[in-house]
Amino acid sequence: MLSWVNVAIFLIAGVVVVAVGLGMAWLLRPSYPDPKKLDPYECGEVPFGDAQVRFNIRYYIFALIFVVFDIESVFIYPWAVLFRQLGVFGFFEMLVFLVILVVGLVYAWKKKVLEWV
Amino acid sequence: MMLPYAWLIAALPLLASLAVMFFGRRFKNGGDFIGIAAIAVSFVLSLLVFGQLAGGAEPYRFTFTWLNLGGVQVQNGIAVDNLTAIMLVVVTLVSMLVQIYSRGYMHGDVRYTRYYATLSFFTFSMLTLVLADNLLLLYIGWELVGLSSYLLIGHWFENPGPRYASMKAFITTRIGDVGLFIGIIILYLTTGAFGFPEVAAGVAAGKISGTLLTIAAILVFSGAVGKSAQFPLHVWLPDAMEGPTPVSALIHAATMVAAGVYLVARSYGIFAGSPTALGVVAWIGTITAVIAALIATLASDLKKVLAYSTISQLGYMMVGLGVGGYTAGVFHLTTHAFFKALLFLGSGSVIHALHTQEMHEMGGLVKKMPVTAWTFIIGTAALAGIPPFAGFWSKDEILLSAYHYNPIIFGLTVFVAFLTAYYMTRAVILTFFGKPRDHHKYEHAHESPANMTGPLVVLAILAVVAGFPGSPLMGNWFGKFIHFGEFEAEAAVPSVMAMAIGAALLGILVGYVIYGTRLVDRRKAIAATKPVYTFLKHKMYFDELYAYTVIGGTQVLATIAGWVDKNVVDGIVNAVGWLGAQIGNISGWFDLTAVDGAVNGVAAVVSGAGRRLRKWQTGYVQSYALTFFATVIIGVIIYELIGG
Amino acid sequence: MDYLYILPELIIVAVALVLLVGAALSPKDRQGYMPVVATAGFLAALVAVYPALGQETNIFGRMITVDGFAQFFKVIFLIVGVLVTLSSAGYMSKQKTSGGEYYVLLMFAVTGMIFMASSTDLLAIWLGLELVSISSYILAGYRREDPKSNEAAIKYFLMGAIASAVLLFGLSLVYGYTGTTNLVDIAQIETKALAGPAVLGVAMFMLVAGFGFKVAMVPFHMWAPDAYEGAPTPVTAFFSIGPKAAGLAAMIRIFPVGLSALTSKWSLLFAIIAAVTMTVGNLTALSQKNIKRMMAYSSIAQVGYITIGLAVATAASVNAIMFYIMAYVFINAGLFSMIILLDERGIGQKIEDYAGLSQRAPVAAAAMVVFFIALIGIPFTSGFFAKFFIFAAAVQSGFMWLAIILAVNSAISVGYYYGVVKAMYLDAPKDASPVKVPRALGAVLLTGALATLALGVFSEPFIRLIGLASLLR
């Protein structure tokens, strides 16, 4: 049971700290609103239209393919650093990995995912 | 030595079943002769086996390791002892006669070949059940006979009646089977074996505690309750009469329904360890016997009379086993198989000729169908317990055992003996005597062909002589052949025998007075003027009035008052009849409302719960997620509070 | 060489990649070779299991283990692959969507299943599970033009993601407390050290919920009927056997083996889940009119029976689970081959559409009766022994009440299985034209029926096999 008391104390303490911090700031801070200050971006384009629009589904597919290459670079960089120690076997292992990625790319390409129609 | 080849007895019908199923259609007669030939050979083999055991041969047992579950071995095998030998002869003989009979009865049926294939399959299953040396194989045979019974009841599945009846039979018996299965498992887990001798030895060695043994024995008995149509699971058997009549004779009178009795007899070593369980067997048997006999006195459908009679007689056998009359119960099983098969086949012959099962459309058939009628009467005499017919000897032994056990059970069984004689007399008179009530049907009636009357004659002879081996006339040979523990001849008690005969004769007398003499009145009425005829016709339909007494009780009372005014003796007779009808009605109502109601109620609860649960499945993924999280969170909280 | 031990998996993945390229390069109407190649791939993988049989070792830094248990499930899953591929070929060739990716996804899912059963590391198990799940989400929505299929996929995906998250949270708690993800190491931690903290209890509950979702235990089952009904029928067939068996295999590795120190904690939990799962599954199945939905609830009930084995957690009960899964794979593959056929021919998915099937396809109807009899648990079929072993294991370990609930439930189940049999045999067909069974489906049907009967009559060699492959001694 003791561990649960600890958790409870921790939870309460966490809530209290945040509440006290925000509450104090709200009480103490001066407040002089003006239109410029209330802009979403103080130094940039004036936003137009609704922010909650539907994005074209193709963005997601592009994002997915990007993730694939992202992971590729994450893997290849440490591999390249240790290339000499890993030897021939390491070389072929990475080759297999790349082949799998290429198969994916070929598939995506052939399915016309890379074209923006 | 014949005994090691006993497995052939069961194997031949199986081969025949497969042969008929696959090749039957290529032959002219749908391959029926394959089934008949196979069962004939099986019958001869059974006789040889029986002869050898009767000649003093040692019982034979063959086992092999069926399953090897990491050290635990499950044995399987067959055993042939005296009890098995008797059952083999009974099953093969009745099956053979029924198959011969069916050539006439089922002639021209749309599924003739299938019928024969299933019949052979049933015979195989029943013989497997009988030959099994362990509970597991017996259970397999048990389920297979249930399956064949289901298929055969639903043989004419185009009609809703057989369809519903087959389903009801299958499901009702399975309720008992669940209990049987649990019982088998309990016995296996405590004694470590499935084989009957091993289980019995384990029980005798006290490997299973008293209470658990009683529970196990009652669970095993619950299987018998389902299969042998004992109260409260008896509701399926009358409906099962929707099947072809030869099937009723073979399965629902002589063999399968007796499997429950056989099961209790076979596992008697288990029951012997628990007087409580035996008491349950005896009382269930008694209640069944009384209720079914009362209902039988009111049934107007010839087959239903026989069906209730079968239930009642199976109750009798259970009484025999329950009160410690092991030999008596098995003996009654044997004789009953013959004369009840005879009665069913006889009723089949009538139905074949008249195309009706209603006794009110029959009458006077003794002239048109002498063979059927007289063999039927012999069967009736045997069932009613008239000496020296078979039923007398076996029933007498049961009564004797009950006499030594408990006076209430004894009294009720004597009462059932009276009722049995009464309703069978009624059935005989309504069917075969008096004037024909449906002239059109009567004109077209004719005696059945030889392949139907032949089996009737054979069974009639057996109904006369089958009782002698168990009678003092032959020195209680049956008792010496089949007994539990040490054989001891029970001294006949003359008063018991006298009461048995007295009850039977009184039943016949009452039946004759009510139905026989009333029919004389009717003959006069037809000759006399019209108003008198109408008045007598009103009398003639007294049966229907009985049936309506629950609705219009006062009306009946008035009628009876009129009767008493007119003729005191007739009035008393009718009062007796009315009382019987009332009791019969009440138990019939109880049967319909309470027992059927309970069965329907369970079904309603189950399907209602199903509907309720289905609503839970809303189709909204949000509510699924909510359920998922709620379960996890509530589960964790409960878990930490209780188990953590 | 570690790679030699995962040769079957490598073969499947290689074939799947080839098919993926094939699916991209060849036009839709020229893809008839795909099921053939997929079947050949599965069969080659089956052959490749042989060299590793009987060996016991750990590979890939003890992530993957090579033992009898893994080999047993590897063979089962490859057989599932073959059976499902064979029964899909006809159905898929008639779909608008090209069939190529279907076989690829199927092969990926089977690979994931194999890793689930052969990993002794929580992370590797989770990866296998995700591979199965993600492939399954796409498979469920494979009929893109059918709104029901889309609905199935979305529901399965959303709920699956939630379950995966909960499961991963649970796994992380286990790791956080024990400091390892390796089940063998976890199993060696002393009971006292493990049983103390409440955190582990929470983790355990999350694991049960996560895996319970994947194998559709009540109350984590709610996605299953919708996903089963909406998914293309061959996919439903696959769902009802493949991922379930894999989930159960992983649960055996995690609970009775890895967390055996906590048996007293999860045993009762599984017992309650088992009782509720069977009862809810069977009762709800009673009122179903769509056969796919009915089979969904039926498979929930079957999982309930199997869960008894988890609750009991003895050598006997774990062996019983393995036998049950082996039996169940053949029963359901066979049964679904007919459901697929009737769906493909446009005859329908309702139980009433099965009216008079005994006249239209007598052999197939008889085979279906065998499957239903086995599902009920009537002797001479594999289903009988499957239930019997579970039942016996429960009784031996004092779970009498569970055994009784099992018996009552199998009596209830007669109700809905019988409905289909009745329709097939007793009801008159609306259209009496015969239904011809294609060769591939016929092969699945026959294999299923023969295996069901063989396991029911000559079960001993298979029981011995399971004894060899057993995880618990």
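How many helices and strands does the secondary structure of chain C come to? In this predicted model, chain C comes to 21 helices and two strands.

Figure 1. Of the 473 residues of chain C, 62% count as buried. Among the contacts within chain C between residues at least 6 apart in sequence, 81% join residues at least 24 apart.

**Figure 2. The loop between H10 and H11 of chain C.** The loop runs between helix H10 (198-214) and helix H11 (223-230) of chain C and holds C:Pro219. C:Ala216 lies in the loop between H10 and H11 as well. The peptide bond from C:Val218 to C:Pro219 is cis, with omega near 5 degrees. At C:Ala216, phi is near 60 degrees, which is a positive value in a residue other than glycine. Is C:Ala216 buried or exposed? C:Ala216 has 28 other C-beta atoms within 10 Å, and because the cut-off for a buried residue is 20 or more, C:Ala216 is buried.

**Figure 3. The contact between chain C and chain B.** Here 40 residues of chain C are in contact with 38 residues of chain B. On the side of chain C that touches chain B, the elements giving two or more residues are helix H7 (147-178), H10, H11, helix H13 (263-286), helix H18 (382-396), helix H19 (400-426) and helix H21 (460-469) of chain C. The class count for this side of chain C is 30 nonpolar, six polar and four charged residues.

**Figure 4. The contact between chain C and chain A.** Seven residues from chain C and eight residues from chain A take part in the contact. Helix H2 (residues 7-25) of chain C gives the most to the side of chain C that touches chain A, with five residues. That side of chain C has seven nonpolar, no polar and no charged residues. Chain A itself has four helices and zero strands, and its elements run α-α-α-α from the N terminus on. Of the 117 residues of chain A, 0% count as buried.

**Figure 5. Helix H3 of chain B.** Helix H3 (residues 82-105) of chain B has 24 residues.

**Figure 6. The packing of H15 against H17 in chain B.** H15(B) and H17(B) pack at an angle of about 145 degrees, and their axes are 9 Å apart. The crossing in which H15(B) passes H17(B) is left-handed. From H15(B), the residues that meet H17(B) are B:Phe339, B:Leu342, B:Leu343, B:Gly346, B:Ser349 and B:Val350. From H17(B), the residues in the contact are B:Thr372, B:Thr375, B:Phe376, B:Gly379, B:Ala382 and B:Leu383. An α-helix has 3.6 residues a turn, so residues three or four places apart point the same way. By class, the contact of H15(B) with H17(B) has seven nonpolar, five polar and no charged residues.

**Figure 7. Two loops of chain B.** B:His355 lies in the loop between helix H15 (326-354) and helix H16 (365-368) of chain B. Phi of B:His355 is near 55 degrees, a positive value in a residue other than glycine. With 11 other C-beta atoms within 10 Å, and a cut-off of 12 or fewer for an exposed residue, B:His355 is exposed. B:Pro388 is found in the loop between helix H17 (370-384) and helix H18 (390-405) of chain B. The peptide bond from B:Pro387 to B:Pro388 is cis, with omega near 5 degrees.

**Figure 8. Confidence along chain B.** The mean pLDDT of chain B is 79, and 82% of its residues reach 70 or more. Confidence in chain B is highest in helix H11 (residues 259-266), at 91, and lowest in helix H25 (residues 542-547), at a mean of 35. Over residues 531-558 of chain B the pLDDT is below 50, and beyond near neighbours in sequence this stretch has 25 contacts in the model. The pLDDT is also below 50 over residues 561-565 of chain B, a stretch with four contacts beyond near neighbours in sequence. Where pLDDT is low, the predicted coordinates should not be read in detail.

Note on methods. Residues numbered from 1 in each chain as written. Chains lettered and ligands numbered in written order. Predicted model: local features only at pLDDT ≥ 70, side-chain atom pairs only at ≥ 80, totals over all residues. Contact = placed C-beta atoms within 7 Å. Nonpolar A, V, L, I, M, F, W, Y, C, P; charged D, E, K, R; others polar. Expected span 1.5 Å × (residues − 1). Axes fitted to C-alpha atoms, helices over the stretch in contact; angles between N-to-C directions. Left-handed = near helix turned anticlockwise from the far one by under 90°. pLDDT = per-residue confidence, 0-100.
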